[in-house]
Amino acid sequence: MTTFLGMPSLPAFGSGNLFAGESFPTAAHRELGNAQLRANLGHATHTIRDKRQAVVSELPDWEQLRDAGSAIKQAVMSRLPELLEEFETNFTARGGVIHWARDAGEANEIVAGLVRDTGETEVVKIKSMATQEIGLNEYLEEQGIGAFETDLAELIVQLDHDKPSHILVPAIHKNRTEIRDIFLREMPGADPALTDDPSVLAMAAREHLRRKFLTAKVAVSGANFALADSGTLAVVESEGNGRMCLTLPETLITVMGIEKLLPTWQDLEVFMQLLPRSSTGERMNPYTSLWTGVTEGDGPQNVHLVLLDNGRSAALADEMGRSALHCIRCSACMNVCPVYERTGGHAYGSTYPGPIGAILSPLLTGIQAEENNSLPYASSLCGACYDACPVKINIPDILVHLRSVDVDSKRGKKKVPSQMDVGMKAASWALSSGKRLGLVEKGLPLGRLAAGPDRKITKLPGIAAGWTQSRDIPAPPAQSFRDWWAKEHRTAGGAPGIPGTPGTPGTPEAGPSRTPSPDTKETPQ
Ligand code: SF4
């Protein structure tokens, strides 16, 4: 008798707002033309990173804290299924209800169903990357349910029908005059005499939101952490809007990526030091809300948690890339990234911009997803993101890894070889033999002809045009090093002495010679 054990199933890739609508180079090229955007971004990122640097420098054990954060996250990833079960047991024992969602579609359906069950048609929302990722607001709107962002920056973006461009400061690309104009245009009842003073703008938003807080029966949140040993969820924030959403409504629905777990309360201590310092440059975030299930007569009486995979299992299966799941969404890597600072977050397409987005989005969707396969190239590999990351995610190494996965995934797929394929083949042919390289060098004088009298090549054809778009190439020298060396070192009746060239000692083509190698110094005998 044989037993059919079935095929092992592959983890599903993520869906939702994880895909770039266009390639990074196309989007970045367009965004680079926006001088106002670059000025806003430059000012904001420099301010946050200076603040961060000041508070990080205060801690003598910052590096040890980073090591601890990294080690805890590694331990979580190595026993994620077990911790998820422990969390589920504790969360449900305290009156919470767990829902499992494989992808964005499932998560959206679950949340919409839960809201419908309450009979409500409006929800207030706490800033949440997970709900951005699954496109919850748009889905709820299609279902006739209005979702109102209560975080100030998210509110600005929502009112402007725009997309966030930063994890922590979604409206980082807008200045205060632009924000005042948005409020005047989109906020019902906004004072026509509204100024662009930040405190005046904040007061206007507060008034607008208070009406929502007092009427909403359902709130939707994300979570920064979940503690397995007690079934507790945690949200950290700066404005207090989150706390209003977490306490006033009758129903609370949280959507959280499965990677947000921590094993114990004690582990939270490490992250409560790492996160505020790395994100807002504060020693401590102003509001930390923790809730464990339902407390009779106090706070929401229906507490739900949607545990979201959406490609996280696939990312976990990538041994090299899985540490991207350690991310605590502090945004420190974005604020130091020279590429992000110039292009802004929209160029990355996905919910996750900047260095972490360049690795996380392709890991969640699979690098084969055409929309995201240019993201791992959106980096100068300067390593600033790695230095800034509070949990020591080696982003540059993962970028290089994903580039190689991308190249491998395309290998042999194209019927007609690309210019790059042909160029690489030619380079491999020439560079694998000194004789061939010598022959290629004979063509260098042609380059001098192309350069003209100013000795500069300003335009190359085909894909090489990308090189000359921003720099000139100096004309090649009249004589190659090989030729020069051969002339200088030709001994009477002997051979020129470049290893690997025709007639050079040490190569099959060469005869015996007493000419010394250029790499060695002859000691007087
Ligand atoms: S990758 Fe590191 S620095 Fe970037 S957002 Fe995540 S935790 Fe912060």
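Q: How many nonpolar residues are in the shell around the ligand?
A: In this predicted model, local features need pLDDT of at least 70, side-chain atom pairs count only at pLDDT 80 or more, and totals for chains, interfaces and linings use all residues. Residues are numbered from 1 along each chain as its sequence is written, and side-chain values use heavy atoms, without hydrogens and water. The ligand is surrounded by 13 residues, each with a heavy atom within 4 Å of it. Ala, Val, Leu, Ile, Met, Phe, Trp, Tyr, Cys and Pro count as nonpolar, Asp, Glu, Lys and Arg as charged, and the others, Gly among them, as polar; besides one polar and one charged residue, the nonpolar residues number 11.

Q: Which strand does K212 in helix α10 tie to through its pair with E122?
A: K212 and E122 form a salt bridge (a side-chain nitrogen of Lys or Arg within 4 Å of a carboxyl oxygen of Asp or Glu), with the closest N and O atoms 3.8 Å apart. Helices (H or I, at least four residues) and strands (E, at least two) are DSSP runs, numbered from the N terminus. Because K212 lies in α10 (residues 198-215), the pair ties together parts 90 residues apart in sequence, and the strand holding E122 is β2 (residues 122-125).
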